[in-house]
Amino acid sequence: MSVSPPTTPLAVRAAGIGKTFSTAGDDVHALTGVDLEVAAGEFVSLIGPSGCGKSTLMRLIADLDTPTEGTLEIFGKTPERARVAQDYGIAFQQAGLLPWRTVAANIALPLEVHGQGRTERDARVRELTHLVGLQEFTERYPDELSGGMQQRVAIARALAARPKLLLMDEPFGALDEMTREYLQVELSGIAAETGAAVVFVTHSIPEAVFLSDRVVVMSPRPGRIAEIVPTHLGGGRDEALRESPAYFDRVTAVREALHGTRVERANER
Amino acid sequence: MTAARWLAVGWGVIGILVVIGSWELYKATGPAEGVVVGAVDGETGSGVMILPRTHDRAMPHVWDMIVRLFAPTSGGDTPPLWMSVVAAAGVTLGIAAVGWMIGVIVGAALGLIMQRSRLAEWGLLPWIVLSQIVPLIAFAPVVNAIGNQIDRDVMPWPQWLSVAVIASYLAFFPVAVGMLRGLAAPDPIHVDLMRSYSAGYWSTLWRLRLPAAVPHLLPALRLAAANAVLGAVVAEVSIGMRGGIGRMLIQLAGQASSDPAAPWAPTFGSIALGLIAAGTVAVIGVGLKNYRRGEAAA
């Protein structure tokens, strides 16, 4: 495992996690035997073909679903207690903004649910809109924003309660390549600035390598971890990294890990 | 936008003109005594009439209906008919509004209960659907009788309150169904999101489910308004309440052989009532326009 000092509890500790969905006919094993530790402040990507259970794993961490076997701890607590304590912030592939709320009101939503006062809320929203570069759009409605801007609002909303863990399920999956690369640099900076651990689900090898300290390669039927590829790319990710040999080397390593599994349909998309 | 608005108004006017034109065209060309099939000689009223009569007592000219609006209500120096219609329509509108409000409250409560519990939905929804099959004319006298009982034994219960209750019986149905559908409408992502905030039932209801229900609720409220007017008119007639437009309709229709244009005045009055009721709800919709925004696809 990585560099975190032993005193800090792990952001995520999964041991022998399995998830079985019971359907009418038979049981579907979405995940089996998943062991994974994510250190505080670490950026970990989950990558793999469709049906490998990467989104399921993220939903288990978020306590939106419960594992059928194994133990899962978030900062040393059960996922449920971590959720109630607001230890994590979450963002999905669709921005999932409430269309009847302005940008500011969307970002403030988690704070409002937790009964934070108006002045505190307003101050935090100002900070966050600055952080994601949307300070001029606070009074706009989601349908007046581009997809990339909506996704930035969603990231700001996920950060609102200052979580120590960010869960992101393909947040840039629906964006064009330009916007996507731009937001990757931004997210990398935000993660470094806030010191939050990130669990990032993606379909894209370059995206996983560019952002992560470690890339968790998963394979399907049943969903499991095939290999964990450390990137050793250090902090401060910027556009120059995309041209560097070390980066290409890690992209190749992840690609080989993906194709090397005993999966007929493994591919990089 | 304005061009589209004018076009809409234009089509509305054309629609009315087509109705008037068809009326006058049939009146001018159809047989005065209509067409009756299978009539037996010497038996009045036998056979089946397949085309209506066109003589002035059965089908007054449109302009006669309009002229009648400005003539005294019942001869002499009584006020012009249109004023009586407006007064009666006002009474009915007030009762319908009370009925609408009762219907909205009851319907919203039923929708909330059914959304909260699947068991309640299974238990209630069939009865709610069934309730609308009971003919209003059979149901109204029962409500009236219960109202009289309460008036005698418990507390003052004016007759108009019975009419309002009957109107609410028609109004609650679309609200209950619209509320149930609307509360179940939020995007699963939004529901997950509220769960990730560990938001409770009421917080989720207030911040997510109710706002997301608005696009489903507005048509339901409009339908409920039209139903409340209809219910109030029918209830007035069937329990014999005086002062409203339903009663006026029946009264003037009874005198139609001597004053054929008169019943058309309260008919127009009830049409106007329905439009006013639906229009009022449309105004509510304007106030809630932010809840009808769609999120642009990413």
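**Reading salt bridges in a predicted model**

Being four residues apart in helix H4 (residues 118-131) of chain A, Asp122(A) and Arg118(A) are separated by about one helical turn.

Biologist: What do the side chains of Asp122(A) and Arg118(A) form?

Modeller: In general, side chains of opposite charge can pair when their charged atoms come close. In this predicted model, the side chains of Asp122(A) and Arg118(A) meet in a salt bridge at 3.8 Å, N to O. Asp122(A) is partly exposed, at 33% relative accessible area, and Arg118(A) is exposed, at 58%.

Biologist: Which parts of chain A does the pair of Glu207(A) and Arg180(A) link?

Modeller: Glu207(A) and Arg180(A) form a salt bridge with an N to O distance of 3.1 Å. This pair links distant parts of the chain, 27 residues apart: Glu207(A) lies in helix H7 (residues 205-211) and Arg180(A) in helix H6 (residues 177-194).

Biologist: Is Glu207(A) buried or exposed?

Modeller: Glu207(A) counts as buried because its relative accessibility is 1%, under the 20% cut-off. Arg180(A) is likewise buried, at 8%.

Biologist: Where does the salt bridge of Asp192(B) and Arg59(A) lie?

Modeller: The side chains of Asp192(B) and Arg59(A) meet at 2.7 Å, N to O. The pair crosses between chains, from helix H7 (residues 188-196) of chain B, which holds Asp192(B), to helix H1 (residues 54-61) of chain A, which holds Arg59(A). Asp192(B) is buried, at 15% relative accessible area, whereas Arg59(A) is partly exposed, at 23%. Arg59(A) and Asp192(B) are also linked with Asp65(A) in a network of salt bridges.

Biologist: How many salt bridges does the structure hold over all chains?

Modeller: The total over all chains is 19 salt bridges.

Terms used
Residues numbered from 1 in each chain as written. Chains lettered and ligands numbered in written order. Predicted model: local features only at pLDDT ≥ 70, side-chain atom pairs only at ≥ 80, totals over all residues. Heavy atoms only, no water. Salt bridge = Lys/Arg side-chain N within 4 Å of Asp/Glu carboxyl O. Helix = DSSP H or I, 4+ residues; strand = E, 2+ residues; numbered from the N terminus. Buried < 20%, exposed > 50% of the residue type's maximum accessible area, 1.4 Å probe, protein only.
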